[in-house]
Amino acid sequence: MNASKRVGFAVVGALLAGGLLLAACAVPDGRPGADDVVFRHPGVVVSHGQLRQAKRMVAAGREPWLSAYRAVLGSRYASLDYTPHPADVVPCPFNSGPQSCLDERQDAIAAYTHALLWSVNGGTAHARKAVQIMDAWSAVMKQHREDNAGLQAAWSGSSWARAAEIVHAGYPDWDEPRVTRFKEMLRKAYLPAVRAQVPAFNGNWELAMTDAAVSIAVFLEDQAVFRESLERFRARVPAYFYLRTDGPRPTAPPSAAIETAAQVKEYWFGQGTYVDGVAQETCRNLMHVGYALAASAHIAETAWHQGVDLYGEQSARLRTALEFHAKYQLGAPPPPWLCGGKLERTMGPDLEVALHHYETRTGAKLPYTRALVEKTRPAGTDELFVAWETVSHGEVPPA
């Protein structure tokens, strides 16, 4: 697997000792609670209203939707001749892996691509193709293995859940026996991996895993996993994006045993000066921070569609992090105290969803985020778990 697309252990190798390696969570019994939500479908990152808006805007030739739609339609994922390559076991070690690791991610993105196209242009051939891809995997897929199991399952699982939500909510020819089989695949082959404990890993891992877990929970209508995912988000976001109100140094992830100033600095890739918005992986590269921002927005957006405002809970932290990293991705020279004055400006198409919420829904001004989003539109796919978000979350820029 391409090393530039991988995420390894946190650099504090010693912190992974003593029981901090991957260990699957026990599955809660799922009994209803007083704070249970009434699940709304489709409601994994993309809602019915957003899909209707995209359809109207594309039909009317409005931008940025039209250009974004054409980019989707012209991608290899949109081909009606797309052939899935399912596997029963997907073993993905760090920084390498068999073809099945790439195939799984690509097939999940393809299923979502066809589901999105069906929603926008009404072509039933796209719905059938999405179903064909999902059915092919649910017929055989059993398990993720090796060191990257949690992250691999997160990347593909989040795309599977988005695709399944759209198709199941409106396409009657995906019959219940096949839907049930797909649900069982998500529950047995994905949830155990994405609910594993990774406290001392780089934070984009846990955020991506939580993105998949909350997405699958909505599709399965699993109250216990949904609630667990919200709490995991609430714990990890403050441990990944810093605000000065946290104190003189960042909050450590729960159970990570990252306690001293030296341990925190090492975990933060040598960054010892903490300012509003800096992230645990800023000094690693902006690509991985982009993954974390995208996953955080996906989780908050899915929760929003289910009536829970995680965006509001973490508003100051997320808005500050968005602006901080968008500014440097756009080319602002970093000061010497930030990563030694050197940054890898490798962020992908990761900010559409967050921008949509904070500017369009709440009226907040995020000038650097806006400028970066407009510079990179139409947003494509990172080939992992972000895909076509200008179509689903684009909007007319404010006057």
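Okay, ground rules, quickly. This is a predicted model, where local features need pLDDT of at least 70 and side-chain atom pairs count only at pLDDT 80 or more, while totals for chains, interfaces and linings use all residues. Residues are numbered from 1 along each chain as its sequence is written, and side-chain values use heavy atoms, with hydrogens and water left out.

Let's start with the disulfides. A disulfide is a covalent bond between the sulfur atoms of two cysteines. Here the call is made when a pair of cysteine sulfur atoms lies within 2.5 Å, and that gives two of them.

One joins Cys-92 and Cys-101, with the sulfurs 2.0 Å apart. The link between Cys-92 and Cys-101 is left-handed, at -120° about the S-S bond. Both Cys-92 and Cys-101 are buried; for us, buried is under 20% relative accessible area, exposed is over 50%, and partly exposed is in between, using a 1.4 Å probe and protein chains only.

The other disulfide runs from Cys-283 to Cys-339, again with an S to S distance of 2.0 Å. Its S-S torsion, for Cys-283 and Cys-339, is about -85°, so this disulfide is left-handed. This pair ties together distant parts of the chain, 56 residues apart: Cys-283 sits in the loop between helix 9 (261–267) and helix 10, and Cys-339 in the loop between helix 12 and helix 13. By helix I mean a DSSP run of H or I with at least four residues, and a strand would be E with at least two, numbered from the N terminus. Cys-283 and Cys-339 are both buried. Number the bonded cysteines in sequence order and the pairing reads 1-2, 3-4.

A cavity here is a set of points on a 1 Å grid over the protein atoms alone where a 1.4 Å probe fits but cannot get out, and lining residues have an atom within 4 Å of a point. Grid points are joined across faces, edges and corners, and the volume is the space filled by probe spheres set on the points.

The largest cavity holds about 60 Å³. Its lining includes Gly-348, Pro-349, Asp-350, Arg-377 and Ala-379. Helix 14 (residues 367–376) gives the most to that lining, three residues.

The second largest cavity has about 50 Å³, and Leu-293, Ser-296, Tyr-311 and Tyr-358 are among the residues lining it. Helix 10 (286–305), helix 12 (315–329) and helix 13 (352–361) each give two or more residues there, with helix 10 giving the most, three.

So what are the two linings made of? For the largest cavity, five nonpolar, two polar and three charged residues. For the second largest cavity, seven nonpolar, one polar and no charged. In that scheme Ala, Val, Leu, Ile, Met, Phe, Trp, Tyr, Cys and Pro are nonpolar, Asp, Glu, Lys and Arg are charged, and the others, Gly among them, are polar.

Last stop, the packing. The largest nonpolar core has 134 residues, and Met-134, Trp-160, Trp-174, Tyr-190 and Phe-241 touch the most other members. A nonpolar core means buried Ala, Val, Leu, Ile, Met, Phe, Trp, Tyr and Cys residues joined through side-chain atoms within 4.5 Å. Leaving out residues up to four places away in sequence, Trp-160 touches Met-134, Trp-137, Phe-182 and Tyr-190, among others; contact means heavy atoms within 4.5 Å.

Technical notes: 1 Å grid on protein atoms, 1.4 Å probe; cavity = no way out; pocket = protein on both sides within 12 Å on 5 of 7 lines; lining within 4 Å.
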